[in-house]
Amino acid sequence: MKKLLTLVLAAAMMLSVVCALADQIDTKDFTKWFEEEATWRTISNDKSASGGDKGGFITDASGAPTQEELKDILHMASLAVTSTGKTDWYMIAVTDPAEQLAIIGDKYGVATSEGTVTVLVFSERVLRDEYRTDDSNSFAPDRGYYDSGIVTGYLNVAAISKGYGTHMFMSPSGTDVSGVNGFNEGNIGLDFTKYTEGLEYVNGNDGESYSIENMKFVCAVVIGTLDETVETGLTTHEFPDNWTVR
């Protein structure tokens, strides 16, 4: 009996070591897996209705993240670092297919369906003072776009880590970015009041809550599953190594 117990304990220790090593290897090989997985490339829109290529997203409900997966993805995005820790951003996940289509449109092909979720990303400090509802932060678009940009990057990687792909829209399809969304002018831009009304964000620097009416829409990220049977499912843009080490 004692010998059997010793063997069981030894086996358990070996298993824990193997699991620990596996976890370590998985972590170290994440960058390799990320590239090999391929879904880091943008999933293409469906242009078949206008004689173009078929879209790359699975369009039935089986392609969409589950509620738990979506919460995990959003939570990972919330772990992104921000300028002075202000966490002055907010994400709204829209799951209704009709609402998603109304947001994104179809000018450049259809990206949304029952198989997708569309996440709206908002940012503080990108509205000029005359448009603001309180003085939680001053107009500083460089910091505001930095924060929303890094949060969006975390969101994208989180979705890929769950096996999903994305298509990002700097503005909903069919809008004029400079004229309607007012990226560089610091004005109100696109009206998303129906989604933002009554919501608040917590400023991680001072712990206070502020209305997200002070926030400006920055981008929408469509999340779904790649249809691997579609030859044109992923974009073919080049990804040059525009970096150096000194």
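1. The model discussed here is a predicted one.

2. The overall make-up comes next. The protein chain holds seven helices and six strands. Followed along the sequence, these elements come in the order α-α-α-β-α-β-α-β-α-α-β-β-β.

3. On burial and surface: the protein chain has 246 residues, and 39% of them count as buried. The protein chain exposes about 14100 Å², with carbon and sulfur atoms supplying 55% of that area.

4. Helix α5 runs over residues 141-161. The helix has 21 residues, and the distance from its first C-alpha to its last is 30 Å, close to the 30 Å expected at 1.5 Å a residue. Just after α5 comes glycine 163, which takes a positive phi of about 95°.

5. Which residues of α5 are buried? They are Gly144, Asp147, Ser148, Val151, Thr152, Leu155, Asn156, Ala158, Ala159 and Ile160. When reading such a list, recall that an α-helix has 3.6 residues a turn, so residues three or four places apart point the same way. The cover over the buried residues of α5 includes the helices α2 (30-37) and α3, together with the strands β1, β2 (116-123), β3 (165-169) and β6 (216-224).

6. Helix α3 (residues 67-78) packs against α5 at an angle of about 145°, and the two axes are 8 Å apart. Their crossing is right-handed. From α3, the residues in this contact are Ile73, Leu74, Met76 and Ala77; from α5, they are Val151, Tyr154, Leu155, Val157, Ala158 and Ala159. By type, the residues of the contact comprise ten nonpolar, no polar and no charged.

7. Aspartate 88 sits in the loop between α3 and β1 (89-94). Is aspartate 88 buried or exposed, and why? Buried means under 20% relative accessible area. Aspartate 88 has 0% relative accessibility, and therefore counts as buried.

8. What does aspartate 88 touch, leaving aside its neighbours within four places in sequence? Its contacts are Ser123, Glu124, Arg125, Asn137, Asp147, Tyr201 and Met215.

Methods
Residues numbered from 1 in each chain as written. Predicted model: local features only at pLDDT ≥ 70, side-chain atom pairs only at ≥ 80, totals over all residues. Heavy atoms only, no water. Axes fitted to C-alpha atoms, helices over the stretch in contact; angles between N-to-C directions. Helix = DSSP H or I, 4+ residues; strand = E, 2+ residues; numbered from the N terminus. Left-handed = near helix turned anticlockwise from the far one by under 90°. Contact = heavy atoms within 4.5 Å. Nonpolar A, V, L, I, M, F, W, Y, C, P; charged D, E, K, R; others polar. Buried < 20%, exposed > 50% of the residue type's maximum accessible area, 1.4 Å probe, protein only. Areas by Shrake-Rupley, 256 points an atom, 1.4 Å probe, with all protein chains shown as cover. Expected span 1.5 Å × (residues − 1).
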